[in-house]
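Here is a short briefing to read alongside the model. Take a look at the structure first, and then we can walk through it by topic.

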Amino acid sequence: MKTTTKLALTTLMLTLVTGVALAAPAAENWDNLCASCHGADGKGQTKSGKKLKLRDYTEAKVQTELKDDAMTKAITSGVKIDGKEKMKAFKEEISGGEIQELVAYVRKFKA
Ligand code: HEC
């Protein structure tokens with residue numbers, strides 16, 4: 001094989017590998033970025049979660065009240081209550097696709 005072909009193949013493979021590594025699965029993003037407040041189980045029973053009076057995402061009633069577009073907005077742009085930032089915006093850290101997957105992930109907590 002010609003050296004240039006080998007180089008091209010190596011570059012292609014590296015792009016594929018790093019491309020996959022960049023988009024973390026929703027479960028991983030949840031554990032790394034969200035669980036400190038919302039809890040690994042989505043119940044919001046963490047120290048910060050209790051202080052912030054977070055909703056329990058396993059409750060059917062809560063799930064009904066939550067709207068997909070509002071969830072997307074909260075994750076993308078953050079949440080301010082009385083002008084104070086309570087949840088930061090995550091659009092710099094995760095892609096739009098990952099945010100959609102997190103919305104789906106929150107839905108899965110429903111008991
Ligand atoms: C610093 C604590 C904190 C972290 C970290 C955090 N959140 Fe939140 N989140 C909040 C608060 C506070 C609210 C507003 C709760 C309310 O309105 O009752 C909220 C609201 C939400 C909402 C809107 C629905 C609702 O219950 O109001 C969603 C969806 C959500 N968070 C998902 C996430 C996801 C996904 C992550 C990780 C990428 C995350 N949160 C990280 C504190 C946090």
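**Pocket, iron site and salt bridges**

The largest pocket holds about 710 Å³ of space. Of the 25 residues lining this pocket, His-38, Leu-54, Tyr-57, Val-79 and Met-87 are the closest to its centre. Please keep in mind that this is a predicted model.

**The pocket lining**
- Helix H2 (26–38), helix H5 (68–77), strand E1 (79–81) and strand E2 (84–87) are the elements that each give two or more residues to the lining of the largest pocket.
- H2 provides the largest share of that lining, with 6 residues.
- Sorted by class, the lining has 17 nonpolar, 2 polar and 6 charged residues.

**The iron site**
- His-38 (NE2) and Met-87 (SD) coordinate the iron atom of the ligand at 2.0 to 2.1 Å.
- His-38 sits in helix H2 and Met-87 in strand E2, so the pair ties together parts that are 49 residues apart in sequence.
- The arrangement around the iron atom is octahedral, because its 6 donor atoms subtend angles of 87 to 179°.
- His-38 is buried, at a relative accessible area of 11%.

**Salt bridges**
- The structure has 4 salt bridges.
- Arg-107 and Asp-68 pair through their side chains at 2.7 Å, N to O, and this links helix H6 (residues 96–107) with helix H5, 39 residues apart.
- Glu-65 and Arg-55 form another salt bridge, with their closest N and O atoms 3.3 Å apart.
- Arg-55, Glu-65 and Lys-61 are joined in a network of salt bridges.
- Glu-93 meets Lys-88 in a salt bridge of 2.4 Å, N to O; Glu-93 is partly exposed at 40% relative accessibility, and Lys-88 is partly exposed at 38%.

Note on methods
Residues numbered from 1 in each chain as written. Predicted model: local features only at pLDDT ≥ 70, side-chain atom pairs only at ≥ 80, totals over all residues. Heavy atoms only, no water. 1 Å grid on protein atoms, 1.4 Å probe; cavity = no way out; pocket = protein on both sides within 12 Å on 5 of 7 lines; lining within 4 Å. Points joined across faces, edges and corners; volume = space filled by probe spheres on them. Helix = DSSP H or I, 4+ residues; strand = E, 2+ residues; numbered from the N terminus. Nonpolar A, V, L, I, M, F, W, Y, C, P; charged D, E, K, R; others polar. Donors = N, O, S within 2.8 Å, 3.2 Å for Na, K, Ca; no water. Tetrahedral: all angles 85-135°; square planar, octahedral: opposite > 155°, others 65-115°. Buried < 20%, exposed > 50% of the residue type's maximum accessible area, 1.4 Å probe, protein only.
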